[in-house]
Amino acid sequence: MLHQITKQILSELPDQTKLNNEDIQVLKRNKEFVFSLANVLVKDFYDALFGNDATKAIFKPGEREIREKSLGMWMVKTIEGKFDLDYWSWQTFVGILHVKRRVTNNMMIVMMGRVTDIIITQAVLKLPTEEALALKTAWIKFANTTLSLIAEAYHIFYMKAVSNVTGMNQNLLNNAVKVEIDNLVDQNKKFRI
Amino acid sequence: MRGLERILRNLVDNTNSEAAVLVNSEGLTIASVHAENEDRVAVMIASLHSMGEKFSNDLSKGGINQFYIKTDTGYILLKDVNKNTILGLIAKEDTKLGLLMMYLDASVKEISSILNDDSTLDLNVRSII
């Protein structure tokens, strides 16, 4: 099922936004460089999360070390550059885990942005300009594809869980949401351009 | 569709009820009488029915064929017409429940015979969307 949903989400992304062979070669070529940032990235990532009450509340006491190892593993696997269906399905699975842990998409999106910012900044500072630009493009495509999978999987599995627990079929859920959204649009007409 | 509305109107009039709505399992209205916020009511009827059926199945009690809710000001009754169609009736507090159930059963039979006869109904519902 994860493969199927992953394929569906990926199929909805324009080709220009997805990694091509050239991008993958750029990522592979800069494997050591990205990996050299791992410790800084992991520390910065969890410092940020533990510095905010809402994101800090996601973690159990003593969990930081385990999560840091997980993020490190994610980086290692990512920079190997094997972006096959199994890899992307793993990102989709993260979306399911995020529903379970109540890691909302706003939290996830800004943290991926933070990682991207650090990688691009360091690339600009330490790599030849052309290579830094190539890495920027490849990393942004990778990051956005990952964001799309996690965010959409979060939505799909959230709805699936509601559908399963209530017995409401997908079309009924869609109609229920439509009725509610029409109402919300009416209530907030002033924001329409 | 006119025939269905006639049946619903008779049901509402005979039972002094507030509204009647016939919906499909996707929460789309097939026919209705006096229903305010018809789309919303249709979705709620189908949702309640789905949840009741899921609950009943999870308890190994089989499917449901009738759903009864007593509110502060009356009753909400749902009754299966067939696998994909539900009749919802919003009744007043002073209604005579026995009589209402009798009319409800009779209406379901009438609706069922129309739906069985009208193979184009599904297409009609979709063309309304």
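I'll take the two chains in turn, then how they touch.

Keep in mind that this is a predicted model, where local features need pLDDT of at least 70 and side-chain atom pairs count only at pLDDT 80 or more, while totals for chains, interfaces and linings use all residues. Residues are numbered from 1 along each chain as its sequence is written, and chains are lettered from A and ligands numbered from 1 in the order in which they are written.

Let's start with chain A. What does chain A have in the way of helices and strands? There are 10 helices and 0 strands, and the pattern along the sequence is α-α-α-α-α-α-α-α-α-α. When I say helix I mean a DSSP run of H or I with at least four residues, and a strand is a run of E with at least two, all numbered from the N terminus. The C-alpha trace of chain A spans about 55 × 40 × 40 Å along its principal axes. Of its 193 residues, 20% count as buried. Buried here is 20 or more other C-beta atoms within 10 Å of the residue's own, exposed is 12 or fewer, and partly exposed is in between, with the C-beta atoms placed from the backbone.

Contacts come up a lot, so here's the rule: two residues are in contact if their C-beta atoms, placed from the backbone, lie within 7 Å. Among chain A contacts between residues at least 6 apart in sequence, 81% join residues at least 24 apart.

Now some helix packing. Two packed helices are described by the angle between their axes and the distance between the axes. The axes are lines fitted to C-alpha atoms, for helices over the stretch in contact, and the angles run from 0 to 180 degrees between N-to-C directions.

Take α1 of chain A, residues 2–11, against α9 of chain A, residues 129–166: the angle is about 120 degrees, with the axes 10 Å apart. That makes α1(A) and α9(A) oblique to each other. For the wording, under 35 degrees is roughly parallel, over 145 roughly antiparallel, 65 to 115 roughly perpendicular, and the rest oblique. On the α1(A) side the contact uses Ile5(A), Thr6(A) and Ile9(A), and α9(A) brings Ser148(A), Leu149(A), Glu152(A), Ala153(A) and Ile156(A). By class that contact has 5 nonpolar, 2 polar and 1 charged residues. Nonpolar covers Ala, Val, Leu, Ile, Met, Phe, Trp, Tyr, Cys and Pro; charged is Asp, Glu, Lys and Arg; the others, Gly among them, are polar.

Helix α9(A) also meets α2(A), residues 21–29, where the axes come within 9 Å and cross at roughly 110 degrees. So α2(A) and α9(A) are roughly perpendicular. From α2(A) you get Asp23(A), Val26(A) and Leu27(A), meeting a set in α9(A) that includes Ala134(A), Leu135(A) and Phe142(A). The residues of this contact divide into 6 nonpolar, 1 polar and 2 charged.

Phe142(A) leads me to Phe83(A): they are 59 residues apart along the chain, with their C-alpha atoms separated by 9.3 Å. Where is Phe83(A) placed? It sits in the loop between α6 (64–79) and α7 (85–101) of chain A. Is Phe83(A) buried or partly exposed? It counts as partly exposed, because it has 17 C-beta neighbours inside 10 Å. Leaving out residues up to four places away in sequence, Phe83(A) touches Leu19(A), Ile24(A) and Trp88(A).

On to chain B. Chain B has 4 helices and 5 strands, reading α-β-β-α-β-β-β-α-α. Buried residues make up 35% of its 129 residues. Helix α2(B) has buried residues including Val41(B), Ile45(B), His49(B) and Glu53(B). Ser60(B) follows α2(B) and has a positive phi, near 55 degrees. Over in α3(B), residues 97–117, we find Glu110(B), which is partly exposed because 18 other C-beta atoms lie within 10 Å.

Last, the contact between the chains. It takes 9 residues from chain A and 13 residues from chain B. On the chain A side, α10(A), residues 170–187, gives the most, with 5 residues. That side has 4 nonpolar, 5 polar and no charged residues.
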